[in-house]
Amino acid sequence: MLALPTYRRECIECIEGSTVIRLVIADDHELIREGIKKIVRPCTDLKIVGEAADLKQAIALIAQVHPDVVILDLTLPDYDGLDGLAELRRHFPDLRVVILSMHPEERYALAALRAGALGYVSKTMASAELVEAVRRAAGGGTWLGPRVGTLLADEARPRSRPPHHCLTPRESEIVSLIGAGLQIKQVAAELGISISSVNTYRSRIFRKMGLSTNAALIRYALQHGLAG
């Protein structure tokens, strides 16, 4: 359930006279909708202009009131998961959506952002995070909580790759032919290059892959399906 702390203290920068961000809430739980309204009430720059209990209602309401931001639950009676977000954006491609979900960030957050959401807030988070996500989305920005930021960083981190991924196309050809059992002379004839060139390439391959013999190279090629 969405945390409901002391709203005036946690409401970020509730400034009198600021531009009003018009919101629609799409959540099938009345308790959650009421909780969001309590969070928003002290914030003079936020105004709820409608609420819906399913996606069909939400689509009709959005077409009527043209909100700046929609707070969308991922699990609605008529749509589940990211399908609801996709359907909403099919009707309103430029709509700014913040996901409010019972599911932890690890399950849906990155997929929701890729699908066009501008924020993903778990219902276990503090109210200030929902307010911040809405404000960021209204300005066209993306809100990333600490856990979502960590997920993105992990996804961007280079994964360790097998040694043969660092080979050039020519070096890969030679690995394939040696892995298939061809001798150096045969490899040279197959590729139309000199034996000296094949030996030079083979030395580079050994260095890059941490190998030292043809037998080790053949084993590696067979294990990784590289033998031609």
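# Reading a predicted chain, step by step

The chain averages a pLDDT of 83, and 83% of the residues score at least 70; pLDDT is the predictor's confidence in each residue, from 0 to 100. Over residues 1-17 the pLDDT is below 50, although this stretch has 44 contacts in the model beyond near neighbours in sequence (a contact means heavy atoms within 4.5 Å). This is a predicted model, in which local features need pLDDT of at least 70 and side-chain atom pairs count only at pLDDT 80 or more, while totals for chains, interfaces and linings use all residues. Residues are numbered from 1 along each chain as its sequence is written, and side-chain values use heavy atoms, with hydrogens and water left out.

Q: How should I read a stretch where the pLDDT is below 50, and which residues does that concern here?
A: Where pLDDT is low, the predicted coordinates should not be read in detail. Here that concerns residues 1-17.

Q: How many helices and strands are there in the chain?
A: Helices (H or I, at least four residues) and strands (E, at least two) are DSSP runs, numbered from the N terminus. By that rule the chain has 11 helices and five strands.

Q: What share of the residues counts as buried?
A: Buried means under 20% relative accessible area, exposed over 50%, and partly exposed in between (1.4 Å probe, protein chains only). Of the 228 residues of the chain, 43% are buried.

Q: Which residues of helix α3 are buried?
A: An α-helix has 3.6 residues a turn, so residues three or four places apart point the same way. In α3, which spans residues 55-65, the buried residues are L55, A58, I59, L61, I62 and V65. Their cover includes β1 (21-26), β2 (46-52), β3 (69-72) and α4 (83-91).

Q: What can I find at the start of α3, and what follows this helix?
A: At the start, a side-chain oxygen of D54 comes to within 3.2 Å of the backbone nitrogen of K56. After α3 comes H66, in the loop between α3 and β3. Most residues other than glycine have a negative phi, and most peptide bonds are trans. The phi of H66, however, is positive, near 50°. With a relative accessible area of 57%, H66 is exposed.

Q: Which residues touch the most other members of the largest nonpolar core?
A: In soluble globular proteins, nonpolar side chains tend to be buried together. A nonpolar core is a set of buried Ala, Val, Leu, Ile, Met, Phe, Trp, Tyr and Cys residues joined through side-chain atoms within 4.5 Å. The largest one has 24 residues, and I62, L72, L88 and I99 touch the most other members. At least two residues each come from β1, α3, β3, α4, β4 (96-101) and α5 (105-114). The most come from α3, which gives six residues. A second, separate core of 23 residues includes I25, I36, V98 and V121.

Q: Which residues does L88 touch?
A: Leaving out residues up to four places away in sequence, L88 touches L55, I59, I62, V70, L72, L95 and V97.

Q: Why is β4 largely enclosed by the rest of the structure?
A: Five of the six residues of β4 are buried, so the strand is largely enclosed. Two strands pair if DSSP finds at least two bridges between them. Strands β3 and β4 run parallel and are joined by four bridges; V69 stands opposite R96 in β4. Another four bridges join β4 to β5 (residues 119-122), again in parallel. In β5, Y120 is the bridge partner of I99, and G119 that of V98.

Q: Which residues point one way from β5, and which the other way?
A: In a regular strand the side chains alternate between the two faces of the sheet. From β5, G119 and V121 point one way, while Y120 and S122 point the other way, and all are buried.

Q: Is K123 buried or exposed?
A: K123 sits in the loop between β5 and α6 (127-138), and its 6% relative accessibility makes it count as buried. A polar contact of 3.0 Å joins the side chains of K123 and D27. A polar contact is a pair of N or O atoms within 3.5 Å; within protein, one must be able to donate a hydrogen and the other to accept it, and residues adjacent in sequence count only if both atoms are side-chain atoms.
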